[in-house]
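Here is a short briefing to read alongside the model. Please keep the 3D view open as you go.

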Amino acid sequence: MSKKKILFIVSDFYHNGAQREMYEFDSALNKDKFELTILSLVELNTRLDLPDYFYEKHLCLGTKILFLKDFIKKNKKGLVSTILNKILRNSLNLKVRDNNIRNLITLFDNYDKVIFMGEYVYQSLSNSIQVDYFKKIFIFIMCSRFQSENYRNFEKNKQFVFMGGFDNTRQIEYEFEGFSNYKYEFMPLCLTVTNEYNKWQFNERCKTKKIGIFTRLHKDKPLDPFLYAYQVLLSQGYNIELHIFGVGNYKYAEYDRYINNLDLNDKVHFRGHQADMKKTILEEKLDLVWFQGYNNLPAGFAALEVCLTGTPQIFWDFFIGENIQINRLDVVYPHYKDLLAFVEASKKVLYDHKVADFLSYKQFHDVFNNRDIFKNIENIEKILLE
């Protein structure tokens, strides 16, 4: 059987969730069935704070990598070009656009399927794609609606095949509200699982409890509920430290506004990027991790890595629809909307051995048993073979 030629289009190779998912797919897809190529929208090393972490890793897997700059030219800017375009009634820009469309079609024609790794990836290219080229548009959803209205500029009557981690009809209908012609395929966030790091233990002796947050420091990654909760815990007299790990500058992310307003200066520890999250969690002996969530789903790979250490987590829910399990601690991934309920749940996990052990056990086994990329990759292979 000849291999299916698949083109995955990614934004870049930074150390972020979408890029991590692409690498997990590349690692697990059966290379006897598929020949993979990756097209990156962004050139290498364009941001010093986000190195091209996955670029070399894909090359080591034998995957061919292309860059959009080799297929698409940008319109010239400057006074002379502006004047010429006005005189020629924008014909220069139209010529560049038409050439770009032809170049992309020539590229896409070499592949059996083209997959967009992120709705924003499709958006950025949609104006350079011939209107009727794709009978079906395949998109892995990378951002939920809590971050932005990701689908505002989509032509919602086209045939889309969305793939993502929403696992019930209510969630799916909410996420893709307004689309009239789409198919949805369930694919949870998955990774290569291991029990090597499942070493977390409840800390009974240390008087100072440590809460950790793992995230990219950016305005799209909101932390305000956690900072408010931390202030409440401190005001109640609890001896607790908050450590925030992740690449970025907290002032550029505008977290300093909350820190100043809540009088948390010098009380929040920003620890920067961690080369190995799981090792950091165990070495730091974190008692609890706070994380962003979305309708009882962990909103990123970092949460899954935490689970593999056994460290208990609770989540702030950024889903704005109805969540029937909200503000409950007796579920695998407790999500909260009520600040005081979130604080009380945090105290129970920090100081109640049984509650902490329950979450540790349930969360580790959920990821280990259900989020193994090699057990779930058939979901993707089925779509790619259609």
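This is a predicted model: local features need pLDDT of at least 70, side-chain atom pairs count only at pLDDT 80 or more; totals for chains, interfaces and linings use all residues.

Residues are numbered from 1 along each chain as its sequence is written, and side-chain values use heavy atoms, with hydrogens and water left out.

**Confidence**
- The mean pLDDT (the predictor's confidence in each residue, from 0 to 100) is 90 for the protein, with 93% of residues at 70 or more.
- Across residues 79–89 the pLDDT falls below 50.

**Nonpolar cores**
- A nonpolar core is a set of buried (under 20% relative accessible area, 1.4 Å probe, protein chains only) Ala, Val, Leu, Ile, Met, Phe, Trp, Tyr and Cys residues joined through side-chain atoms within 4.5 Å.
- The largest one holds 36 residues, and Leu227 and Trp290 are among those touching the most other members.
- Helix H7 (224–235) gives the most to this core, with six residues; helices here are DSSP runs (H or I) of at least four residues, and strands (E) of at least two, numbered from the N terminus.
- A second, separate core of 33 residues includes Leu66, Leu125, Tyr174 and Phe176.

**Gln325**
- Gln325 sits in the loop between strand E12 (313–317) and strand E13 (335–336).
- At 30% relative accessibility, Gln325 counts as partly exposed, a class that runs between 20% and 50%.
- The side chains of Gln325 and Asn296 make a polar contact at 3.2 Å, where N or O atoms must lie within 3.5 Å, one able to donate a hydrogen and the other to accept it; residues adjacent in sequence count only if both atoms are side-chain atoms.

Technical notes:
Contact means heavy atoms within 4.5 Å.
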